[in-house]
Amino acid sequence: MSRKTGRGNRWGLALVGLALTLLGGSALARGLGAFSPDWASARTTLVDGNVVTFFTRTSPWIWWLIALAALVVAVLALRWLLVQGRRDARHVLRIEDGPTGVTEVSESGMAHAVAADVESSPAVFHAAAHLVGPRPEVRLRVVADESVPMGELSRHLSTVALPHVRDALDRDRVPAVARVSLEPSPSPHRVVR
């Protein structure tokens with residue numbers, strides 16, 4: 001999830017929470033009789049004869065309007081769902097910008113190089129890398145041999161793969177997050193002739 005999407009989610013949840021708090025507070029206040037009896041009496045039902053008359057008088061176009069509103073909500077919900085998988089992927093990383101010129105590297109090329117460095121460990125079956133954020137952060141997904149101690153994998157990441165990233169980006173510090181899945185070692189194949 002990108003930072004922009006996360007910020008949008010926080011605003012959306014805050015607005016929905018505020019709307020539900022207002023509705024809940026209004027319902028509680030109505031139930032306690034805080035409103036004028038002429039406007040919203042606690043002794044009357046929410047769906048009274050006036051509401052039924054309104055829907056009867058405006059039928060059938062009111063149902064088309066409700067269906068259109070439901071369709072808009074469904075499209076917005078689908079868009080929200082699709083946006084959740086978006087990442088802050090960068091296409092080009094600017095390494096150096098000075099009077100002698102600009103040095104840029106491809107984000108995908110850098111990610112492939114990081115994944116190859118991680119996969120150079122005999123403990124790793126597969127690795128995928130992404131660089132995200134305005135200040136590049138490394139996200140790794142690693143499938144490793146469960147019989148190999150995690151310390152060996154951690155040592156390989158901290159002494160081989162990540163120093164190469166720092167050197168390539170010319171930075172002293174590059175945050176990294178690794179998700180490691182453990183799988184059993186493949187059984188040795190026997191060839192019978």
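The buried residues of helix 6 are Leu-153, His-156, Leu-157, Ala-161, Leu-162, Pro-163, Val-165 and Leu-169. The model described here is predicted. Its protein chain is divided into domain 1, residues 4-89, and domain 2, residues 107-182. Between the C-alpha centres of domain 1 and domain 2 the separation is 46 Å.

**Helix 6: geometry and cover**

- Helix 6 runs over residues 150-169 and has 20 residues. From its first C-alpha to its last, helix 6 reaches 27 Å, close to the 28 Å expected at 1.5 Å a residue.
- At Leu-157, helix 6 bends by about 35°.
- The cover over the buried residues of helix 6 includes strand 1 (92-98), strand 3 (124-132), strand 4 (137-145) and strand 5 (176-183). Helix 5 (107-119) is also included in that cover.

**Leu-157**

- Leu-157 lies in helix 6 and counts as buried because its relative accessibility is 11%, under the 20% limit.
- Leaving aside residues up to four places away in sequence, Leu-157 touches Val-118, Leu-140, Leu-162, Pro-163 and Ala-178.
- Leu-157 and Ala-176 are 19 residues apart in sequence, and their C-alpha atoms are 9.8 Å apart in space.

**The largest nonpolar core**

- In soluble globular proteins, nonpolar side chains tend to be buried together.
- The largest nonpolar core in this model has 20 residues. Those with the most contacts inside this core are Val-114, Val-118, Leu-140, Val-142 and Leu-169.
- Helix 5, strand 3, strand 4 and helix 6 are the elements that give two or more residues to this core.
- With residues up to four places away in sequence not counted, Val-114 is in contact with Ala-129, Val-138, Leu-140 and Val-165.

**The end of helix 6 and backbone exceptions**

- Most residues other than glycine have a negative phi, and most peptide bonds are trans.
- Asp-170 is placed in the loop between helix 6 and strand 5. Asp-170 is classed as exposed because its relative accessible area is 60%, over the 50% limit.
- Ser-59 and Pro-60 are joined by a cis peptide bond, with omega of about 10°. Pro-60 is found in the loop between helix 3 (49-58) and helix 4.

**The salt bridge**

- Side chains of opposite charge can pair when their charged atoms come close.
- The count comes to one salt bridge. In a salt bridge, the side chains of Glu-137 and Arg-139 meet at 2.9 Å, N to O.
- Glu-137 counts as buried because its relative accessibility is 16%, whereas Arg-139, with a relative accessible area of 35%, is partly exposed.

**Val-83 in helix 4**

- Val-83 is located in helix 4, which covers residues 61-83.
- Val-83 counts as buried because its relative accessibility is 11%.
- The C-alpha atoms of Val-83 and Gly-6 are separated by 10.0 Å, although these residues are 77 apart along the chain.

Notes: Residues numbered from 1 in each chain as written. Predicted model: local features only at pLDDT ≥ 70, side-chain atom pairs only at ≥ 80, totals over all residues. Heavy atoms only, no water. Helix = DSSP H or I, 4+ residues; strand = E, 2+ residues; numbered from the N terminus. Expected span 1.5 Å × (residues − 1). Bend = angle between axes of the 7 residues up to and from the residue. Buried < 20%, exposed > 50% of the residue type's maximum accessible area, 1.4 Å probe, protein only. Contact = heavy atoms within 4.5 Å. Domains from an automatic or database assignment. Salt bridge = Lys/Arg side-chain N within 4 Å of Asp/Glu carboxyl O. Core = buried A, V, L, I, M, F, W, Y, C linked by side-chain atoms within 4.5 Å.
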